[in-house]
Amino acid sequence: SASLGGCCVIPIAFDGTGAAMEWANLITQHSKISLKQVQWKGHKRFSTPLAATANIPNGPFILRDIDPANNDPDKITFYDRVDGSVLAKLIENVLTPMGYQDLLLQKESFEFTNPTTGE
């Protein structure tokens, strides 16, 4: 987790102010993590961050453009996205082929799309 910038760790419990109180590792503690928590982390990484208590909007989810060359906060987001890509490959490799296919059947629940390119 540490080498991936913490992208493996997702908050799973919050206090009354919305501050994270408990975290779980996406690979080793996946059974503790709900789809809503994965979606919340996805919005933080790829779109507009949501409050911990906010409802997840209906998809399709729109990918937010970033400019890491000219915007320092976008540099953090860029490297978080790179780490997330590595994590996605790790998940693909730890799941059975059938498990990965089952996951992809639900991709509209966690996929972000660039509105310009459709990718």
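Here are a few notes on this predicted model.

1. Confidence first. The mean pLDDT for the protein is 84, and 94% of the residues reach at least 70. Taken element by element, strand β3 (residues 61–62) comes out highest with a mean of 91, while strand β1 (residues 9–14) is the lowest at 83.

2. Now the inside. Eight residues make up the largest nonpolar core: Cys8, Ile10, Ile12, Ala24, Leu26, Ile33, Leu87 and Ile91. Two elements, β1 and α2, each supply two or more of them. There is also a separate second core of 5 residues, among them Trp40, Ala52, Ile56 and Phe61.

3. Beyond its neighbours within four places in sequence, Ile10 touches Glu22, Trp23, Ala24, Leu26, Ile33, Gln37, Val38 and Lys41.

4. Leu90 sits in helix α2, which covers residues 72–94. Leu90 counts as partly exposed because its relative accessibility is 34%, between the 20% limit for buried and the 50% limit for exposed.

5. One backbone detail to check: the Gly59 to Pro60 peptide bond is modelled as cis, with omega near 5°. You'll find Pro60 in the loop that links α1 (35–46) and β3.

Key:
Residues numbered from 1 in each chain as written. Predicted model: local features only at pLDDT ≥ 70, side-chain atom pairs only at ≥ 80, totals over all residues. Heavy atoms only, no water. Helix = DSSP H or I, 4+ residues; strand = E, 2+ residues; numbered from the N terminus. Buried < 20%, exposed > 50% of the residue type's maximum accessible area, 1.4 Å probe, protein only. pLDDT = per-residue confidence, 0-100. Core = buried A, V, L, I, M, F, W, Y, C linked by side-chain atoms within 4.5 Å. Contact = heavy atoms within 4.5 Å.
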